[in-house]
Amino acid sequence: MATIAAPTRMVGAPIKRREDPRLIQGLSHYVDDIRLVGTLHCAFLRSDYAHAAINSIDTSAAKELPGVVTVITAEDLGEVGDIPCGAEIPDLKVPGHPALAVGRVRFVGEAVAAVVATDAYIARDALDLIEVDYEELPAVTNLDKAVEADSPLIYDDFGDNIGFTMPLEAGDVDAAFAEADHVVSQRFVNQRLIPNAMETRGVLAEYLPGEGTLTVWSSTQVPHILKTQLALIANVPEQKVRVIAPEVGGGFGSKLNVYPEEVVVSHLAIQLRKPVKWTEKRTENFTTTIHGRDQVNYVDVAVNNDGTITGIRAKILADLGASYQLLTPLIPTLTNLMIVGCYKIPNVQIELVGVLTNKMATDAYRGAGRPEATYIIERMVDLAAAQVGMDAKDIRFKNFPQPDEFPLEIPTGIIYDSGNYQESFNKALGIVDYDSLRNQQVQLRQQGRYLGIGISTYAEICGMGPSIAMPAGGWESSTVRVEPTGKITVLTGVSPHGQGQETTFAQMIADEFGVDIDDVAVIHGDTGRQPYGIGTFGSRATAVGGTAMVIAAGQVKEKMAKFAAHLMEANPDDLVFEEGSILVEGSPDQAVDFVAVALEAHVAKNLPPDTTPGLEATHFFEPSNFTYPFGAHIAVVEVDTDTGEIDIQRYVCVDDIGNIINPLLVAGQVHGGIAQGLGQALYEGAVYDESGQLLTGSFMDYAVPKATQMPHFETDHTVTPSPVNPMGVKGVGEAGTIGSTPCMVNAVVDALSPFGVKDIEMPLTPNRVWQAIQDAKG
Amino acid sequence: MIPGSFEYFAPTALDEALSLLQEHGDDAKVLAGGHSLIPTMKLRLAEPAVIIDIGRIGGLKGISESDGKLVIGALTTHHELESSDLVQQKVPLLAQTAAEIGDVQVRNKGTIGGSLAHADPAADWPAAILALDADLQIAGPNGERSVKATDFFQGLYETDLGDDEILTAIHVSIPDANTKGTYLKLHQVASGFALTGVAVVLTKSGDTCQSVAVGITGVSDAPYRASAVESELTGAALDAENIAAAAERSVDGIDALEDIHASQAYRQNLAKVYTRRAIESAAS
C-alpha cells in the first residue's frame, strides 16, 4: 500500500544537493536563458568619468542606427522614482539617486543613457554613437582626504562628504585607557572588494497592456522586496507586479538590492509594450554592482599586563561610494555592533563616519560589516598579546566570557544568544596540536625558515530578524501544502541562490511528515506563487525561513492527524507520521496510509465534523533575537622571505553554528566562505586611481581565489544550539568569511614577527609581504 | 563583452592568408587560438575590421624532429607542447614552460605562435624561446625568412613581424646531454601571467658553467636575455656564491616595470631571486 518510505532521519544526513544535477547538466534557467518572443535588448551607456557635469547628451545618431528602437536619458523617465535606500540612521544625508544620471555623474560606470534595440549587438554598437559633453570635476577617491575641509564636494548642498556620523559609547572609556598598563594602537585598511557572483546580474521585463501586469525576471536575492519597490518606483499597482528570481548564480549580498537597471528595463517594457532584456556584462559587474567592505580604522585597545583587555576605541571611516543602494549606510553600523567580537570588553567608544566618494556604492558583501569588526578585534588582540608578551592563545582565553554567562548582553547593546567559545577553540587547538606547532616554529626559525601560526576566534550575527532590528521586516514566511496525491509542496519566502535550501528544507519536511524526500518540492523566488517574504541574506534562510516552514508543517500535520484519527477512530494526539503512514504511536497495526489521508482531505466526503477540506498552512515567523554563531580558525603558513610568497600549510576551523541540517552543505558553505575570506586576506582588492578610474576592472587584474590556491580545509564543529528558534540552528553562510581573513593575516604577521613586522595591509600580495620585511629591516 | 562587427575569413592555404593580409593591411588581425585577440575585441580595446582565421591552414600545427631540431608549428597549442612525448624527451624546458601558462582551458586553445606574435610582456613563451636561442620562421609576401628570438622581441607588444607576415614555425635546437633547462615563474595572481618568469638553459662541463642562457619575462616591457648574468657565470664554477653573484646582475641595464601588481623594486628583486633559483635548479 504505502508507496512512500523514509527509512532514516533526513535531518543531519550529508545528502547531496538536489539542485546540482540540473545545474551541472546546464538544464537550468537563469534570466538570460529565458526567451520571450519579440524580446528587445537593452544596453547602458555608462560614465567614463568619476565626477563630471553633463552639459548635454546627443542621442540622435544612435537613434538612427538601424535596429535601434529607442534611446532614453533621465528626462525620458518621467515619473519614475529614485533608487531606494532602506537605511534609517539619525541625521543621515540621503542624496537623490535617479536611475539615469541627471546633470552630473559621480562614479565611473554610472548609467547615463539606455539603448533598446532588436538585438544585443546593435544595442552595444549604438552606445558608441551617443555623444555626451562632459565637464570633468575633481574626483574624491581617498577616504582620509574626503573628510578634510578643503575636499571637493560630491553633493554641493551637503557642505561636506560625510553621509552620517554614528557615535557609540559604553562604559568609561577614558578611565579604562588612563588606568591600563598598555595602550596599543593600529591603523587598518579593510580594502574594497568586488563580490563577483558567477552569474552577473540580468533583468527581463514584460508588460501585458491588456492585463496591466508587469512581470520581471531578475537575478536577485530579494524578489518580494523588489516587487514592492518596482511597484512604487515604476508606478505599477503592486497587485499587478510579479517578480521572479529564476535560477540565480550567486549573490553574496550583491543581489540584495534594487538596481537602476531593474527599474529602467521595467520602465522600458511598460513604455514599449514589448519584453526587454538586459544581461550585465562582466565589466559592468565590476563597476556597477555594489562593492563590499572599504573601511579605514584607527583603533586603540587598553590592555593590562595580565592580558585583560579593558577598553577599545575606534574611529571608523566607511566608504559609502557616490550614492546609496538599498542598505549602503547600514552595513558599517554592523561593524560598530560587533566590535568586541567574542570578548568581554566593558568599555567601548566608536566614532563611525560614513563617507561619500566618487566610487560605486558599497553595500552588503558576505559578512557585511561583521568581517570588518572581526578583523579589527582579532588583529588588535594579537597586537595586544605581543605588547604584553603573551601567547595569542592565552590572551583569548583570558578575555572570553564563560559559557554560563549566556545569554550575554555586550556593551554595544546586543545580546549573544548562546556560546561556548572555550570549547570550539580548545577543539581547534587540539586538531593543530598547538603547543608542538609553537615548538616547531622555534626550531625552524633557527634554520632561517619562517613559520607562522594565525588564530582567529570570532562571533558573528546571523538569522537576521527580528523586525525591530531590521530596515524592513525581520520575519519570514512559508506555505506547506500536502497535495491530493500525497506529494508535498513547500513555498518559502526566502530566495536561495546557491545555498541549497531545496535540499535542506526538503530534509526537514521529509522528517516532519515521515515521507520520502523525493516527494517534497521546495519552491521559491516567484512572488506570484509564494506568500510575501523577505529574502535570502545575512545567513537567515534556515533560522528564520526554515522555522516558518516547520511551524506551517506542524499546522498541516495537526489537521492531517485529525483526518487520520477520524478514519481510524483514534485520538489525533496519539498519532505519529512515519514511513509514509500515520499511525497510533506504539501500535503499528493501527495505521493509515499518508497518501490515502491526503486524498481524503481533498475528496472531502468523509471529513470529521467542524473541519474544512484541504491540507495547507501558511506561517509567518519572526524570531525574538538574532543568532550568534562563533568558532575558531587556525592557519599555519610558511613565508618565503626572499620573495614574500606565502605557503598555506594547514587551515583548521571549528565552527559552532548550532544544530546542523546537512553537514555536506555546511562544509560547502564553510569552504566557500573561507575561500572568500582568504581572497580578501591574500588576493583581492578594488583599486581606483586618483581620478576615480577602476584599475581592477577585470579578472586580469582583480584576483578572486582559485581552487588551486586553496589549502585543504580541516573543518570540524561544536554544537551549541540557539535558543531563539525551535530547531536550534544559527546560520553558516558567512562564518567562514568572517573568521578566515584575520586568521590568515595573523599567521603571516606571526611568521614575520622576528623581523619586527607588526602589520601588513591587505591583500597580502607577495610584493607587500616582501616590502614589509624590507621596511622592518630598515 | 560584445565585440564590434568584423569581416571573417578562414583561408585554408598560407598563400591565401598572406594575400588577404596584403589586401586588408592594418585593418586585419590574424586569429590563431584567440586567447589574446578575442578578449581585447570583447572589451573593444581592439576593433579589427577583418579577422583572418589561420586555424584551417594545414601544416601550421604539430611538432616534429628534423636535423637536430624540434620544428614546432605556430598553431601548436600550449597543451600539445606540455603533453608531447617528443618535447618532454628532447626539450623538456618547453613542456615545463607550457605547463605554467594560464589554466587548462587556455592551454587547450592558446597557441605558441599566437603568444609569440602577440608579445605580451608577461607571456611565458618568450623567456624559454630566448633561452633556447630559437629561430622563428616567418612567411610574407616575399617568401620565407628566419629570425633569431633575440631579434624578434622589440618592445611592448612589438615584434619583428610585419603587418603582412605570419609566424609559421619555431625551430629549437635539441640540446646535448650536458645541458639542462629550467623555467621558474611567479604568477600574477589574477591573470596567471608572469610577474617574473626566468628560463635558464645551462651547459655544464664538470662543475663549471660551460655556457648559460637566461631569458626573462614579466620584468620589462619586452622579454630579454640577461647577458650580464650569462657573461658573469660562463666559465665560472657553479657554486652558490658564483650563482648568487651572477643572478644579482639579472636586471643590469633593464628598466623594470611598475604597476598595481608589483613595484619596480620588487620586480627587480624577483628577477634576481628567480634567476638564482633557476640557475641552481639547472645546475643541480
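Reply: A:Asp394 is partly exposed, because its relative accessibility is 33% (buried is under 20% relative accessible area, exposed over 50%, partly exposed in between, with a 1.4 Å probe and protein chains only). This is a predicted model, where local features need pLDDT of at least 70 and side-chain atom pairs pLDDT 80 or more, while totals for chains, interfaces and linings use all residues. Residues count from 1 along each chain as written, chains are lettered from A and ligands numbered from 1 in written order, and side-chain values use heavy atoms, without hydrogens and water.

A:Asp394 pairs with A:Lys393 in a salt bridge, with 3.7 Å between the closest N and O atoms (a Lys or Arg side-chain nitrogen within 4 Å of an Asp or Glu carboxyl oxygen). A:Lys393 is buried, at 17%.

Another bridge joins A:Asp642 to B:Arg276, at 3.0 Å from N to O. A:Asp642 sits in the loop between strands E26 and E27 of chain A and B:Arg276 in helix H12 of chain B, so this pair links two chains (helices of at least four residues, H or I, and strands of at least two, E, are DSSP runs numbered from the N terminus). Both ends are partly exposed: A:Asp642 at 32%, B:Arg276 at 21%.

Helix H12 of chain B also holds B:Lys272. Its partner is B:Glu248, 3.7 Å away, N to O. B:Glu248 lies in the loop between H11 and H12, so the bridge ties parts 24 residues apart in sequence. B:Glu248 is partly exposed at 46%, as is B:Lys272 at 23%.

Shared partners also build a network: A:Arg46, A:Arg201, A:Glu261, A:Glu280, A:Lys281 and A:Glu284. Over all chains, the structure holds 65 salt bridges.
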